[in-house]
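Thanks for coming, everyone. I will keep this brief. Please look at the screen.

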There are 2 protein chains.
Amino acid sequence: MSSVSEPAAPSIRTAIPGPDTHRIKEDLDAVIDARTVQMVINYDQSFGNYITDVDGNTYLDVYAQIASIPVGYNNTTLIKAAQSSDIVSALVNRPAVGNFPSRQWLALLRDGLMRAAPPGCTQVFPAQSGSEANDLAFKAAFMAYRRQQRAGSPWTEYEQATAMKNQAPGSPDLAILSFRNSFHGRSFGSLSTTRSKPIHKVDIPAFKWPHATFPQLRYPLEDYVQENAREEERCLQEVENIISSWHCPVAGIIVEPIQSEGGDNHASPDFFQKLQAITKKHGITLIVDEVQTGFGATGKFWAHEHWELPSPADIVTFSKKAQTAGYFFSDGSLRPDKAYRQFNTWMGDAARIIICNAVIDEILSKKLVEKTAQVGAVLYDSLATLAAKYPNRMQSLRGKDKGTYIAFDTPDSSSLLKKMRELGINIGSCGVQTIRLRPMLIFEESHVAPLLAAFETAFSQLS
Amino acid sequence: MSSVSEPAAPSIRTAIPGPDTHRIKEDLDAVIDARTVQMVINYDQSFGNYITDVDGNTYLDVYAQIASIPVGYNNTTLIKAAQSSDIVSALVNRPAVGNFPSRQWLALLRDGLMRAAPPGCTQVFPAQSGSEANDLAFKAAFMAYRRQQRAGSPWTEYEQATAMKNQAPGSPDLAILSFRNSFHGRSFGSLSTTRSKPIHKVDIPAFKWPHATFPQLRYPLEDYVQENAREEERCLQEVENIISSWHCPVAGIIVEPIQSEGGDNHASPDFFQKLQAITKKHGITLIVDEVQTGFGATGKFWAHEHWELPSPADIVTFSKKAQTAGYFFSDGSLRPDKAYRQFNTWMGDAARIIICNAVIDEILSKKLVEKTAQVGAVLYDSLATLAAKYPNRMQSLRGKDKGTYIAFDTPDSSSLLKKMRELGINIGSCGVQTIRLRPMLIFEESHVAPLLAAFETAFSQLS
């Protein structure tokens, strides 16, 4: 933690990746699959929006650990939290928190984490990853659905016996509906709803759950108002059709406010309002997966706040920028009817919740959501100007009024990523041809210029 | 962290649970399901084998957070690790470790975590919980199985397209076989192999995977040598029958060295050797779930070391006492054939691996595995004497030569647990009528006397 302020600009000293990254990657590969390693990082020399690798190259980081660094490297508020006596205790005395919570647990949740609860959400269930959060949310949805069906009747002996054999009726055929191109994680439940790329799914058994088409909007939105409205209507009709015709009951729908891994695909507030109406009509659970969109990057604390729903989302899952994970929920019936149905040894990690609370402190005290909305508007306008200049390199620019959650399509995204890294910008892609911007919440107007300059250089060199 | 040494004995000041636990539990319940809370703990006043609740009651803790505290509350080696600059950096700069590992990552694994690798295991995949570790192990097993079947052929377009629809052949029907009464976790993959109690499984969709009978041995073992050998033979035959007749291929078998949540059920080394031979014969993966048994409590670092297998276990999953989670593996073909097939944003938590490495330091430098073997022998003999005196209260004492991993059956386990807690002993149950001892690795001969005295008092008061 020797750096105390951001560098003025990126600086690149070696070929990318550099020789030290190469060497360490090779050594790593003896004990862990290291094929995915892009750079080995000196985090002690990274600060704010800038990341420095072991070869001494410094990048402006607008990828931020797959959208998961909230308030910058070596943030001083987070460092203070990481040095607190409470976190030391949480690290060395890890409880089975459902049975033996610490005397600090109540404040960590009620006065800490719950400050981040989406509008109308009154309760939380902690987890350790986005995948786990989604799996837990599915379980809550299934239990709520069966509770409704059961209408107060106790479990039968037959249900209990069949559940132990993985058979209906105890272990029923129930489904979660997701959307084409969605990403909800890689565990067996969440992976059965993930529909973005074969690399995630080939060879892995999956539940026979349905997926509907997610709207494929055309850009610029103002030129395709009618077409896009029809597209959304078509997708909603597909959802209705699936619910009424699937081989088993659909107990819940999971949706990302912006499909992120799948290519930064947006839909309108109207679409989501109508989707919620469908879930209400059928008495099923709407799960909003805010693992990537939550915690401010869209210019609202939660991206689904852009929808102005008439009633709260049933379940909102979170991870990444929260630096912890779990789900918030709004409806008491999503708390299971018996204790120990939703339970595990650790149920999250209090140490990570302490870090999350420091993130929330930073966001609230520095008004980072509001600032991200402002900076995002400037960034979007700059990119729109660039897109007009390089129409072959930047298409379907999207994310207007969504903070810094901005993306565009480009014909050869991997060459652009490589070129950008050589120019000192660490940036990510998604879908098949999309560049996604995922800067931290401390990305400021002053960072727009170096980012834009690099894009311009890259485009001209690639052209 | 104000306590600096263990109290000499338990001390109970209030009714159990005490008024402060009641009050905090009620407040907690407004934001999180608190029905499972047994005591609210003052971890800052807990030390070594002793835990102190917010009402000032101090207990000898032989449950240890569902078997997950390895080396005592407020262990000074762990505190030092939790205060290190490396852990602060890992907490505040959490990387997407598969892409952008820290310069410390190599040493954390190669020189740290890998010291714990079971015999023959050369690689690791980190995770955050036992459930996640098992899910990941299943995925590795499925990919390895299909790789064998595919024999070098590339993925077809049809496989990729069907995988995206959760359909075969891309998303094939493949199974993991587990055993009756096993517990492997609660996520959708692991829960499909868990077979201990309906409370875990009712209402949750499950994969149609098979389970075989786990041997039900009779005690004392020396009186039932023939019967127990026949029982194990019968169970192995059932495994063979299932593999040859199940509706889809069985790609792996998961087994606990001692079925823990399911009632502390043991089997002989011969059973496990033959089980491994079956997996070898069929070219499928043997996954040893050491989430509860690993890290020393059985008097070996890994419980499956008691089996003396002719070749290494394919995959060994771990969590709990490791304070982190993941799986070790021995066979290069269990590393997927393509990058990014086994991947997620965080892939474990370097902060928790730093704590794990401090646990390993403690275990190795203080020879805690060897000590646990010795103390366990004394504890077992004392309990055997007690069992002879209270034959109606203690039956089927088991865990001889398995360190402190000892259990017995009792006619009314919940009354005994309650009574023991009133006597200052925090202890747990499992199965339907079993008391399980899960002391930490720092449980010493001096702790045997207060534990035994409490059992004796409880038995006489319950009789």
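At what angle do helix α14 and helix α15 of chain B pack, and how far apart are their axes? The angle is about 125°, and the axes of α14 (residues 413-422) and α15 (residues 445-462) of chain B are 9 Å apart.

Before going on, some ground rules. This is a predicted model, where local features need pLDDT of at least 70, side-chain atom pairs count only at pLDDT 80 or more, and totals for chains, interfaces and linings use all residues. Residues are numbered from 1 along each chain as its sequence is written, chains are lettered from A and ligands numbered from 1 in the order in which they are written, and side-chain values use heavy atoms, with hydrogens and water left out.

Back to that helix pair. Helices here are DSSP runs of H or I with at least four residues, strands are runs of E with at least two, and both are numbered from the N terminus. Axes are lines fitted to C-alpha atoms, for helices over the stretch in contact, and angles run from 0 to 180 degrees between N-to-C directions. α14(B) and α15(B) are therefore oblique to each other. For the cut-offs: under 35 degrees is roughly parallel, over 145 roughly antiparallel, 65 to 115 roughly perpendicular, and the rest oblique. The crossing of α14(B) with α15(B) is right-handed, meaning the near helix is turned clockwise from the far one by less than a right angle.

Who touches whom? Contact means heavy atoms within 4.5 Å. From α14(B) come B:Ser415, B:Leu416, B:Lys419 and B:Met420. They meet residues of α15(B), including B:Phe455, B:Phe459 and B:Leu462. By class, the contact of α14(B) with α15(B) has eight nonpolar, two polar and one charged. Nonpolar covers Ala, Val, Leu, Ile, Met, Phe, Trp, Tyr, Cys and Pro; charged covers Asp, Glu, Lys and Arg; the others, Gly among them, are polar.

Next pair, still in chain B. Helix α4 (residues 85-92) and helix α12 (residues 350-365) of chain B pack at about 155°, with axes 8 Å apart. That makes α4(B) roughly antiparallel to α12(B). B:Asp86, B:Ile87, B:Ala90 and B:Leu91 of α4(B) make this contact with B:Ala350, B:Ala351, B:Ile354 and B:Ile355 of α12(B). Seven of the residues in the contact of α4(B) with α12(B) are nonpolar, none is polar and one is charged.

Now the two chains. Chain B can be laid on chain A with an RMSD of 0.0 Å, by a turn of 180° and a shift of 0.0 Å along the axis. The two copies are thus related as by a two-fold rotation axis. The superposition is by least squares on the C-alpha atoms of residues with pLDDT of at least 70 in both. In chain B, B:Phe188 comes closest to the rotation axis, at 2.8 Å (C-alpha). What about the interface? 100% of the interface residues of chain B are also interface residues in chain A, so the copies meet through the same surface.

Domains next. An automatic or database assignment gives the bounds. Chain A is divided into domain 1 (19-74 + 368-462) and domain 2 (85-364). Their centres, taken over C-alpha atoms, are 28 Å apart in chain A. In chain A, 28 residues of domain 1 are in contact with 25 residues of domain 2.

Last, some backbone details. Most residues other than glycine have a negative phi, and most peptide bonds are trans. The bond from A:Ala168 to A:Pro169 is cis, with omega near 5°. A:Pro169 is in the loop between α7 (157-164) and β4 (175-179) of chain A. A:Gln323 has a positive phi, near 65°.
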